[in-house]
Amino acid sequence: MGIEAKVREFIIETFLFGEHRGLRGDTSFLEGGILDSTGVMELVAFLEQTFSVTIADDELVPENLDSIIKVTEFMGRKGCFAPAVGAELSVILNSEVA
Amino acid sequence: MNGTTYFSKDALRIDPEEETEKICHFLRETMLNRLKRRGVVVGLSGGIDSSVTAALAVRALGKGRVMGLEMPERYCAEETVRFSSMVTATLGIPSVREDITGVLDAVGCYRRYDGAVRQVVPEYGEGWKSKIVTSDTMAQRGFTTFSVVVQSPDDVITRIRLPLQAYLEIVAATNFKQRSRKMLEYYHADRLHYCVAGTANRLEHELGFFVKLGDGASDVKPIAHLYKTQVYQLAEHLGIPMEIRTRKPTTDTYSLAQGQDEFYFSLPYEKMDLCLYARDNDVPPDQVADLLELTTDQTMGLLNDIDTKRRTTRYLHLAPILMQDSED
């Protein structure tokens, strides 16, 4: 599964209760009310664990994280082309979130 | 706002006497017609908001119908109790002091908090201090992030961005403090057949800087329509002691001192007030930028952050949603 598909699956499963809800590649997470600051933290944790990257504070901007396309391009710029070996989506999905 | 009136700090100027009368009338009518309780319990933090709320209640109902409740805990600042006692003495109201450290210990507040911090600072423990701070909305144009600042026993200070789970657990643990205080406020309100007054100002109320069913819970909120700057104007008019009027607003929640502008608001209250007023009154951003001595980009970031805070904290204001009331 490529980066875009992984990110899309994570967004749908984590924030949309498994329903597609018309989510497009360019749907703004902020304007669509999909992510708040807690959601951004979840997304960052997912990206760091799944793609084995470190995301700096100054990279936490809408230009990098506000849609599936932007996230995919951002991961591409960080040299990611596929999930790291052993980084399972289920680790994130099953983690306890209050 | 029309183009001929230039935005200035005077936008927040009120007539304290007139405003006091309006609030007192509102309080009396609310008590008589809706709440039907004999008096008011006010939790006193030694800060400006609770002091003004108590003073207004005394003006509205008389000192015999207002009870001040002081509820310090292990990490309250030294001046908290001194200032809250000063308020009860100045107003001449009866008060009760309930140290909630034992309650918090019993529910595991401190243990859970320390455990959450240890997720990012494994050596955190006895002799360490900490607090949570937010990213700088003006310096960082992006999403808000939260960091823990820890001070080791040998005074080395470190700041670490929090991962989601540690952040949520820290907030959940500290929320015990506001909720324990509210539980005690309602205990005293019940035994006296009083109501509970909330002490939130407009910034806190509208931007969601409160704990749901904690300090956000109350029967009446007499100053929730007032900007913090206006609360200070009332404080002077109502004779709140100078020491309290000059105390820097603090959350008084963490073992390291934490200003409100470090955790939630990205500017000192007097500037946040002006931003909120500007947002709600369509003041052109360039005028706001001029007044606050910021760039237009920084100002737009702050104004957008107001919208974000309103949107993301809407849940805090919601009463339980019933199926028959659902729009879906």
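**View 1. Val42(B) faces Ala197(B) of strand 7 of chain B.** The model is predicted: local features need pLDDT of at least 70, side-chain atom pairs count only at pLDDT 80 or more, and totals for chains, interfaces and linings use all residues. Residues are numbered from 1 along each chain as its sequence is written, and chains are lettered from A and ligands numbered from 1 in the order in which they are written. Strand 1 (residues 40-44) and strand 7 of chain B run parallel and are joined by three bridges. Strands are DSSP runs of E with at least two residues, helices are runs of H or I with at least four, and both are numbered from the N terminus. Two strands pair if DSSP finds at least two bridges between them.

**View 2. The open sheet of chain B has four strands in the order 3-2-1-7, paired in parallel.** Strand 3 (95-97) and strand 7 (195-197) of chain B each have a single partner strand, so one side of each lacks a neighbour in the sheet. Neighbouring strands are turned by 25° against each other on average, direction ignored. Helix 3 (residues 78-91) of chain B packs on this sheet and touches strand 1, strand 2 (66-70) and strand 3 of chain B. The direction of helix 3 makes about 170° with that of strand 2 of chain B. Axes are lines fitted to C-alpha atoms, for helices over the stretch in contact, and angles run from 0 to 180 degrees between N-to-C directions.

**View 3. Side chains alternate along strand 5 (residues 146-151) of chain B.** Strand 4 (residues 129-134) of chain B pairs with strand 5 in the antiparallel sense over six bridges, with Lys131(B) opposite Val149(B).

**View 4. Strand 5 and strand 6 (residues 157-161) of chain B pair in the antiparallel sense over five bridges.** Gln151(B) stands opposite Ile157(B) in strand 6. The hairpin has five residues between the strands, and Asp155(B) takes a positive phi near 70°.

View 5. Residues are in contact if their C-beta atoms, placed from the backbone, lie within 7 Å.

Conventions: Two residues are in contact if their C-beta atoms, placed from the backbone, lie within 7 Å. A residue is buried if 20 or more other C-beta atoms lie within 10 Å of its own, exposed if 12 or fewer, and partly exposed in between; C-beta atoms are placed from the backbone.
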